[in-house]
Amino acid sequence: MRITRIVCLACRIPLRPERRMISSLGQHVVSEYPLVRVETDAGIDGVGEATVTAVWSGETVWGAQAVIERVFAPLLVGADPTDIGDIDRRMDAAAEGNWFAKSAIEMACWDILGKDAGKPVYDLLDGLVRPAEIACRFSMGAYPPERVRNTVPDLVARGFQTIKVKVGQSIERDVERVALVRELIGPDRAIVIDANCGYSPVDAIEAARRMEPYAVGLFEQPTPRDDYEGLAEVRRNVSMPVMADDMVFTFNHARECLRHEAVDIISIYPGKCGGIRKCRNIAALAAEHGVACSIGSNLEWDVATAAMCHLVVGTPNMQVERVPGDILGPAYHEVRIATNPLNITGPVVTTPDGPGLGVEVDWAVAEKHAIA
Ligand SMILES: [Mg+2]
């Protein structure tokens with residue numbers, strides 16, 4: 001099978017007002033992502049999505065579209081989409097970084113592989129190693145107290161067992177927010193926190209100490225990227241498990257985290273790590289070190305969310321039953337871009353079982369939301 005054409009359409013969809021995200025990275029109120037269609041001479045098309053945000057990976061919708069259309073497409077037309085290692089090698093040789101753009105093409109190739117085999121992507125991985133229904137945590141922005149009071153009871157009513165609270169801006173306000181969430185959810189549900197690199201090691205340790213009365217179950221990315229020593233210092237000095245997220249894009253990043261004994265858990269997902277295959281390499285490395293992986297979100301639409309689901313249910317070390325992830329991006333948005341959107345009910349997203357990723361882009365809807 002050969003790739004004959006790669007089509008890329010940049011789209012813009014706003015977040016639902018009540019789901020707009022605030023973190024130490026700033027605000028996320030509208031998503032601008034390229035959707036990709038990889039066409040083949042077998043008449044099978046694959047779909048992909050590059051969930052780009054400048055503040056996260058440095059990628060933008062315009063840059064991702066340019067690298068897909070002008071750098072990757074000319075190298076990939078004529079290549080075999082079912083040889084994903086070769087697809088990765090071609091893209092990696094042509095461009096450093098650009099993880100989300102690469103992942104859009106890579107997930108489209110998995111989609112083609114699955115459609116060709118008549119199987120869901122997870123069956124091409126390790127098969128269903130956990131239930132297709134994945135219970136997620138809710139990722140709540142660093143909201144002021146009034147908004148926390150208005151948000152959390154509804155999450156409890158909808159069945160969320162784990163609330164992730166964004167912190168990392170001011171220890172004082174962060175502790176106040178975590179205390180308020182604990183008061184609102186009671187003792188039986190879990191709180192985890194995510195600082196998105198917002199603290200220094202000293203501040204992270206201080207914040208963790210002051211949050212001890214509120215039983216925080218996990219400290220996600222307390223300290224800045226690249227500072228493996230700093231993260232290890234935090235891990236040695238706090239009582240809760242530590243997870244790396246924002247600092248782990250590549251296999252080498254994960255290896256450095258492990259080498260520094262800086263983590264209990266590593267968060268990975270196809271967009272951030274450049275594809276499903278690369279995620280699985282990291283998950284396998286972490287497993288060798290007895291470190292679990294889980295999954296975070298960049299507020300994906302249906303296509304990239306489906307890729308996340310297949311990775312989770314088809315990869316043993318994606319231990320979401322122990323450390324819930326968030327795979328709820330489509331529910332944050334005002335519009336769904338799929339003809340068969342994923343089933344997201346409260347905290348549970350269901351992995352599609354159709355061939356490939358199991359999600360088809362509604363190109364008419366995508367065109368309607370195309371960025372002029
Ligand atoms: Mg995170």
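1. A crossing of two helices is called left-handed if the near helix is turned anticlockwise from the far one by less than a right angle, and right-handed if it is turned clockwise. In this predicted model, the crossing of α2 and α4 is right-handed by that definition. The axes of these two helices come within 10 Å and cross at roughly 50°. On the α2 side the contact is made by Ala64, Val67, Ile68, Phe72 and Leu76, and on the α4 side by Phe100, Ala101, Ala104 and Ile105. Sorted by class, these residues comprise nine nonpolar, no polar and no charged.

2. Helix α2, which covers residues 61-76, also packs on α3, with axes that come within 10 Å and cross at roughly 140°. The two helices are therefore oblique to each other, because only an angle over 145 would count as roughly antiparallel. Here too the crossing is right-handed, as α2 passes α3. The residues that make this contact are Val71, Phe72, Leu75 and Leu76 from α2, together with Ile87, Arg90, Met91 and Ala94 from α3. By class the contact of α2 with α3 has seven nonpolar residues, no polar ones and one charged residue.

3. At the level of domains, the assignment divides the chain into domain 1, made of residues 3-118 and 361-368, and domain 2, made of residues 123-350. The C-alpha centres of the two domains lie 23 Å apart, and their contact takes 38 residues from domain 1 and 34 residues from domain 2. On the domain 1 side, the elements that give two or more residues include the strands β1 (3-14), β2 (21-23), β4 (30-40) and β5 (45-49), as well as the helices α1 (54-57), α3 (84-94), α4 (99-117) and α14 (363-368). By class, the side of domain 1 that touches domain 2 has 21 nonpolar, 10 polar and seven charged residues.

4. A further helix pair is formed by α8 (residues 201-211) and α9, whose axes are 9 Å apart and which pack at an angle of about 25°. Are they parallel or oblique to each other? The angle is under 35 degrees, and α8 and α9 are therefore roughly parallel to each other; their crossing is right-handed. Pro201, Ala204 and Ile205 of α8 meet Gly230, Glu233, Val234 and Asn237 of α9 in this contact, which by class has four nonpolar, two polar and one charged residues.

5. Alanine 195 lies in the loop between β9 (190-194) and α8, and with 28 other C-beta atoms within 10 Å this alanine is buried. Not counting residues up to four places away in sequence, alanine 195 touches Ser24, Val167, Gly168, Ala204, Gln221 and Pro222; of these, Ala204 is also one of the α8 residues in the contact with α9. Alanine 195 and cysteine 293 are 98 residues apart in sequence, and their C-alpha atoms are 18 Å apart in space.

6. Aspartate 226 and cysteine 257 may be read together. Their C-alpha atoms are 9.5 Å apart in space, while in sequence the two residues are 31 residues apart. Aspartate 226 sits in the loop between β10 (216-220) and α9 (228-237), and has a positive phi of about 75° although it is not a glycine. With 12 C-beta neighbours inside 10 Å, aspartate 226 counts as exposed, because the exposed class takes residues with 12 or fewer. Cysteine 257, by contrast, has its place in helix α10 (residues 251-259) and counts as buried, with 25 C-beta neighbours inside 10 Å. Leaving aside neighbours within four places in sequence, cysteine 257 is in contact with Tyr228, Ala244, Val248, Ala262, Val263 and Ile266.

Key. Residues numbered from 1 in each chain as written. Predicted model: local features only at pLDDT ≥ 70, side-chain atom pairs only at ≥ 80, totals over all residues. Domains from an automatic or database assignment. Contact = placed C-beta atoms within 7 Å. Helix = DSSP H or I, 4+ residues; strand = E, 2+ residues; numbered from the N terminus. Nonpolar A, V, L, I, M, F, W, Y, C, P; charged D, E, K, R; others polar. Axes fitted to C-alpha atoms, helices over the stretch in contact; angles between N-to-C directions. Parallel < 35°, antiparallel > 145°, perpendicular 65-115°, else oblique. Buried ≥ 20, exposed ≤ 12 C-beta atoms within 10 Å, placed from the backbone.
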